[in-house]
Amino acid sequence: MLSDNSELLSVVIWVFITLVVYLGSLLIYRLLGSRPLFHPIIFCIAILAILLSYAEVDVKEYQLYTGLLSWLLGPATVALAIPVYAQLSSIKKNGLGIMLPIIVGGTLAPLLALFALYFLPMEASIKLSFLTKSITTPLAIETSQHIGGIPELAVVIVIFTGIVAAIFAASIYRLLGIKSAQAQGIALGTVGHAIGTAQGFQMSQTVGAFASLGLCINGVLTAIILPIIFFIIS
């Protein structure tokens, strides 16, 4: 009974700490001008790593205590259907003009990552973790598990990819003369997932709306196609 009570107390404490750290990180992010470089996930990881080290709690214990938060990733994934539904009229109106760049971008992103890493002396599980770099975290965790990657590493790669996309998107658009809000949004959502989408909403509501569309469609397609390709290859 003492052990059960102790574990329950640990669950409550670490879930509470995680939520407080996230809210604090979100506040810091907003105070610093909501720049992608200061994304709240970065502060969250750094602060929690310090706290875990100080409390001498290893990662597996932390994951056990905060399983409730991990479980919520499932409903969060299902909720991706909402922005897709909201943009259903745009999909019907533009059809191939929306779907084709998302499919091409979603296919090229993991293939280029795999090609770049193919000749490097890395374990296969690490290379496979890069294949989910352009889809949002809940889908990346599930997909990387199915194809033999490392979910924890996949999360780090996903965050890094999103931050890079959000930081350089505006400069690349200026350099290449891309002024279409639709093109900007689809590119940001397809490559930079949720972080790119958040950046898209800062650029304009239209860019953000199309970014959410790219995020959702690319995420779902990648989550379906990657395990099938991996199964065929293996």
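I looked up Glu56 and found it in the loop between helix 2 (40-55) and helix 3 (59-65); helices are DSSP runs of H or I with at least four residues, numbered from the N terminus. The model is predicted, so local features need pLDDT of at least 70 and side-chain atom pairs pLDDT 80 or more, while totals for chains, interfaces and linings use all residues. Residues are numbered from 1 along each chain as its sequence is written, and side-chain values use heavy atoms, without hydrogens and water.

I noted that phi of Glu56 is near 55°, a positive value in a residue other than glycine. Most residues other than glycine have a negative phi. Glu56 is exposed, with a relative accessible area of 73% (exposed is over 50%, buried under 20%, with a 1.4 Å probe and protein chains only).

Next I checked helix 8 (residues 96-117). Its 22 residues should span 32 Å at 1.5 Å a residue, and the end C-alpha atoms are 31 Å apart, which agrees; the expected span is 1.5 Å times one less than the number of residues. I listed its buried residues as Ile98, Ile102, Gly106, Ala109, Pro110, Ala113 and Leu117. They cover an arc of only 70° around the axis, so they lie on the same side of helix 8 (the arc uses directions from the helix axis to the C-beta atoms). On the face turned away I found the exposed Leu96, Leu112, Phe115 and Ala116.

Last, I looked at helix 11 (residues 151-176) and helix 12 (residues 181-203), which pack at about 75° with axes 8 Å apart. Axes are lines fitted to C-alpha atoms over the stretch in contact, and angles run from 0 to 180 degrees between N-to-C directions. The two helices are therefore roughly perpendicular (65 to 115 degrees).

Notes. Parallel < 35°, antiparallel > 145°, perpendicular 65-115°, else oblique.
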